Amino acid sequence: MVAGGVRVPSLVRWPGVVIPNTVVQSLTSSLDWFPTFASLTGYHVDTSKIIYDGWDLSELLFTKSGQTADKGARDRYFYHTSEDPDASLVGVRLGPWKLHFVTKGSHCNNDFPDAQCYAPSVNHTATGGILFNVERDMSEVLPLPHDSMEYKQWAPVLMSMAADYSKTYVTGASEMNKGSSPQRFP
């Protein structure tokens, strides 16, 4: 089985359980492994105190060749910046639709000719965000015009999702900022 999130492939090998050479095109995230493994092992995840971003994608692991797994499939993703302590929401995706609230250059190498790669952050919230159909425009270089039917239909839906999500989003303490210590290794 091959599954990926944001065009990063993931390989799963589980002889006798996961059917070899199965390809899953569903949106996934590394955040989904925790709830998926918890479900597969019967571990109860207490969600009364903590809301987890991950989804249980067990159904994807058991998809038979030629079938589509719809049950439990992630259909949305919320993008945060790592550049501020509050991890601000900078974009949201629902199916093929991705709305950017903030954009900033890209990860282009230093000799890439496009000056936009080095552009400063731009906040697009006041103008309604920049909408892309990532199935048709994987590189996200052709934003849909604000007067297009698709923009008028999907941008408000994504803005509403982002507003609802922001009401419940809580930033946790950074594990990376704890530093490294030899005492923490097994």
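**Reading the terms on a predicted model**

Visitor: Why is Lys 98 called buried?

Guide: Buried means under 20% relative accessible area, exposed over 50%, and partly exposed in between, with a 1.4 Å probe and protein chains only. Lys 98 has 9%, so Lys 98 counts as buried. This is a predicted model, where local features need pLDDT of at least 70, side-chain atom pairs count only at pLDDT 80 or more, and totals for chains, interfaces and linings use all residues. Residues are numbered from 1 along each chain as its sequence is written, and side-chain values use heavy atoms, without hydrogens and water.

Visitor: Which residues does Lys 98 touch, not counting those up to four places away in sequence?

Guide: Contact means heavy atoms within 4.5 Å. Lys 98 touches Tyr 79, Val 92, Arg 93, Ile 130, Leu 131, Phe 132, Val 134, Glu 140 and Leu 158. Tyr 79 is 19 residues away in sequence and 9.9 Å away in space, C-alpha to C-alpha.

Visitor: Where is Lys 98 found?

Guide: Lys 98 is in strand β6; strands (E, at least two residues) and helices (H or I, at least four) are DSSP runs, numbered from the N terminus.

Visitor: What makes β4 and β5 a pair?

Guide: Two strands pair if DSSP finds at least two bridges between them. β4 and β5 have 5 bridges, in the antiparallel sense. The open sheet has the order β4-β5-β6-β9. β4 and β9 each have a single partner strand, so they stand at the edges.

Visitor: Why does Trp 14 count as partly exposed?

Guide: Trp 14 has 36% relative accessibility, so the label is partly exposed. Trp 14 lies in the loop between β2 and β3.
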